[in-house]
Amino acid sequence: LAPRHQTTVSLSNAIGPAVIELKETIWSPYIDKDLANVTHELSGWQTTDLNIRTLGMTDWEIRGGILNLFDRSRELTYGYPEEQRRFYLSALRFF
């Protein structure tokens with residue numbers, strides 16, 4: 001499944017050793033079929049994500065953020081609501 005159109009706008013700013021990014025993504029409506037092979041048009045949706053990552057660390061990178069910051073509801077497959085707001089944090093070590 002894929003929307004007909006997707007638009008993403010992002011703003012980022014480096015503050016000291018970190019980059020803060022605010023990203024807005026808008027998906028257009030799209031078509032899905034249920035188990036009885038009936039076609040349904042699912043509505044479009046939009047999300048705002050807030051991400052933070054480190055800069056300038058030679059062998060480490062730390063990332064964190066909130067996906068779907070404003071907790072907008074969405075349905076990616078007919079009859080199955082998706083998780084809404086999600087938080088993440090990761091630490092990567094490069095060898």
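Me: Is Asn 51 buried or exposed in this model?

Reply: Buried. This is a predicted model, and in it Asn 51 has a relative accessibility of 12%. The cut-off for buried is under 20%, so Asn 51 counts as buried at its 12%.

Me: Where does Asn 51 lie, and which side chain does its own side chain meet in a polar contact?

Reply: Asn 51 sits in strand E5. Its side chain makes a polar contact with the side chain of Tyr 88, at 2.6 Å.

Me: Which other residues is Asn 51 in contact with, leaving aside neighbours within four places in sequence?

Reply: Tyr 88 is on that list too.

Me: Take Leu 67 next. Where is Leu 67 found, and how accessible is it?

Reply: Leu 67 belongs to strand E6. Its relative accessibility is 26%, so it counts as partly exposed. With neighbours within four places set aside, Leu 67 is in contact with Thr 48, Asp 49, Asn 51, Gln 84, Arg 85, Arg 86 and Tyr 88.

Me: How far apart are the C-alpha atoms of Leu 67 and Glu 82?

Reply: They are separated by 13 Å. Along the chain, the two residues are 15 residues apart.

Me: How do I read aromatic pairs, and how many does a search of the whole structure find?

Reply: A pair of aromatic rings is described by the distance of the centres and the angle of the planes. Here the search finds 2 pairs. Take Trp 27 and Trp 45: their ring centres are 4.9 Å apart and their planes meet at 25 degrees, so this pair is stacked. Trp 27 lies in strand E2 and Trp 45 in strand E5, so the pair ties together parts 18 residues apart in sequence. Both Trp 27 and Trp 45 are buried.

Me: What about Tyr 30 and Trp 45?

Reply: Their ring centres are 5.7 Å apart, with the planes at 70 degrees, so the pair is edge-to-face. Tyr 30 is in strand E3 and Trp 45 in strand E5, so this pair links parts 15 residues apart in sequence. Tyr 30 is buried, with a relative accessible area of 2%. Trp 45 counts as buried at 10%. Trp 27, Tyr 30 and Trp 45 form one aromatic cluster.

Me: Now the backbone. What phi does Asn 37 have, and what phi does Asn 68 have?

Reply: Start with the general idea. Most residues other than glycine have a negative phi. Asn 37 is not a glycine, yet its phi is positive, about 65 degrees. Asn 68, also not a glycine, has a positive phi of about 60 degrees.

Me: Last, the surface. Which residues form a nonpolar patch?

Reply: Met 57, Trp 60, Ile 62 and Leu 89. Together they have about 400 Å² of accessible area. Met 57 is in the loop between strands E5 and E6. Met 57 is partly exposed, with a relative accessible area of 38%.

Methods:
Residues numbered from 1 in each chain as written. Predicted model: local features only at pLDDT ≥ 70, side-chain atom pairs only at ≥ 80, totals over all residues. Heavy atoms only, no water. Patch = residues over 30% accessible without salt bridge, like charges linked within 9 Å, V, L, I, M, F, W, Y side chains within 5 Å. Areas by Shrake-Rupley, 256 points an atom, 1.4 Å probe, with all protein chains shown as cover. Salt bridge = Lys/Arg side-chain N within 4 Å of Asp/Glu carboxyl O. Helix = DSSP H or I, 4+ residues; strand = E, 2+ residues; numbered from the N terminus. Buried < 20%, exposed > 50% of the residue type's maximum accessible area, 1.4 Å probe, protein only. Contact = heavy atoms within 4.5 Å. Polar contact = N/O pair within 3.5 Å; in protein donor to acceptor, adjacent residues only side chain to side chain. Phe/Tyr/Trp six-rings, centres within 6.5 Å; stacked < 30°, edge-to-face > 60°.
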